[in-house]
Amino acid sequence: MDGTELYRKVVLTVSGNRLVKWLSLRYGKKLAGRFIAGDTLAEALDEIERLNGKGILVTLDHLGEGITSLTEASAYREEYIRLVEGIANRGVQSNVSLKPTQMGLALDPQAAYENIRAVVRAAQKHGNFVRLDMEDSPYTQATIDMTLRLHKEGLTHVGTVIQAYLYRSEEDVRMLTKEGVKLRLVKGAYKEPGTIAYQKKQEIIGNYKNLIKLQLDQGAYTAVATHDNNIIDWVKVFAEQNRIKKDAFEFQMLYGLRMKDQARLAQDGYRIRCYMPYGTMWYPYFTRRIAEKPANLMMVLKNMFK
C-alpha cells in the first residue's frame, strides 16, 4: 500500500468518527466552500452561467444522502424538479446528477424509484439528462437495475456511473453499453474491501483505462471523470490514434479543482463538464474529496487562511 492509498483509507475511516464529524460540521464549512457552488439553486445557476461563458458544461448535484425518512426524500424530489425547471428557464448548459439514497433507496426501493422517475420525466420533458450517481457497493446492483428499469419504460434520458475499482465493472460496462445506457466512468471514492475491489493504485488505473477503451471502441459516448493527467493524456492520444472525434467523449472534473485546466481543455476543443454540487448537506461529499489525495487537503487549508 503506497502513501496515497494509506492516506485515503485513514481519512475515510476518521471522517466516520462522531467527534470528527461534529467538529467538521461546526468549523469546516469554510473549507468545504471550495468545492460547493452555494447553498441555493439561484447561486448554483449563476455559477453555471459563469462557467458556460468559458465553454465549460456542468452537471448539477443537490447535496444530500443518508436520509432517515421518505418525507426527506420527497423534499429532495421536489427540489430536483425545481432544479430541472431552473436549468430550462435560465437556458444554461447543464445536466443533472442525483444519489439514489437521497431519493429513499435505503428506506423503500419502490418509493425511491418513483421519486427518481418523477425527476427523469421532468428532465426528459425539457430534453435534459439525469445521471444516477453510484454510491458505495451495497447500492451498486440496485442503482444499475433502476437505470435499466427506467430505460425499459422509455425514460432513456438517464444514465449511471461505473467505478473502476470494483472487480465487477468490466462486465457492467459491457452490459450497460449494449443496453444503450450512457456512463460516467470514475476510479471510485468509497472505502471498499479487497474482496470486491482493487486496492492498489496501478490496478485501479489499469482497469479504468480498460473501461474507457471498451466504451470508445464501441462508439459509445464516454464521460471520463478524472483529475489524473496521465489518464487525460492517455485518452487524448488514444482518441487521436483511433480517429475518435473530440465530440465523442467528454472529460469531467469537480467544481473547485483545476478550474483553469478545465477552461484550457474547453479552449483546446475538448468537451469538459464540471460536476457542481450545491446545498447545505456538504459533509459526506467534502470528506470524499479530501480523501482522494493529500493535495486536496492542503489546497483547502491554504484557501481557509487566505
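This tour moves through the model from the whole chain to single residues, saying at each stop what to select and what is there.

Residues are numbered from 1 along each chain as its sequence is written, and side-chain values use heavy atoms, with hydrogens and water left out. The model is predicted: local features need pLDDT of at least 70 and side-chain atom pairs count only at pLDDT 80 or more, whereas totals for chains, interfaces and linings use all residues.

**The whole chain**

Begin with the entire protein chain, coloured by pLDDT (the predictor's confidence in each residue, from 0 to 100); the mean is 87, and 81% of the residues reach 70 or more. Select residues 10-27 next, where the pLDDT is below 50 and the model has 22 contacts beyond near neighbours in sequence, a contact being heavy atoms within 4.5 Å. Residues 299-306 also stay under 50, with 13 contacts beyond four places in sequence.

Of the 306 residues, 51% count as buried, where buried means under 20% relative accessible area, exposed over 50% and partly exposed in between, with a 1.4 Å probe and protein chains only. Among contacts with a separation of 6 or more, 72% are made by residues 24 or more positions apart.

Select glutamate 78 in helix H5 (residues 70-90); its relative accessibility is 33%, so it counts as partly exposed. Its C-alpha atom is separated by 9.0 Å from that of alanine 118, 40 residues apart along the chain.

Then move to glutamine 102, in the loop between strand S2 (94-98) and helix H6 (109-125), which counts as buried because its relative accessibility is 0%. Leaving aside neighbours within four places in sequence, glutamine 102 is in contact with His62, Leu63, Gly64, Ile67, Ala73, Tyr76 and Tyr80.

**Strands S4 and S5**

Show S4 (residues 158-163) together with S5, which pair in the parallel sense over 4 bridges; two strands pair if DSSP finds at least two bridges between them. Glutamine 163 stands opposite valine 186 in S5. In a regular strand the side chains alternate between the two faces of the sheet. Along S5 (residues 183-186), Leu183 and Leu185 point one way and Arg184 and Val186 the other, and all are buried.

**The aromatic rings**

Rings of Phe, Tyr and Trp (its six-membered ring) pair if their centres lie within 6.5 Å, with planes under 30 degrees apart counting as stacked, over 60 as edge-to-face and the rest as tilted; by this rule there are 5 aromatic pairs. The ring centres of phenylalanine 249 and tyrosine 270 are 6.2 Å apart and the planes stand at 50°, so this pair is tilted. Phenylalanine 249 lies in strand S7 (residues 249-254) and tyrosine 270 in the loop between helix H11 (259-267) and strand S8 (271-278), 21 residues apart, and both are buried.

With tyrosine 270 still displayed, select lysine 246, whose charged end sits over the ring of tyrosine 270, 4.5 Å from its centre; the rule requires NZ of Lys or CZ of Arg within 6 Å of the ring centre and within 35 degrees of the ring normal.

**Two arginines**

Finish at arginine 243, in the loop between helix H10 (229-241) and S7, which has a positive phi of about 55° although it is not a glycine. At 79% relative accessibility, arginine 243 counts as exposed.
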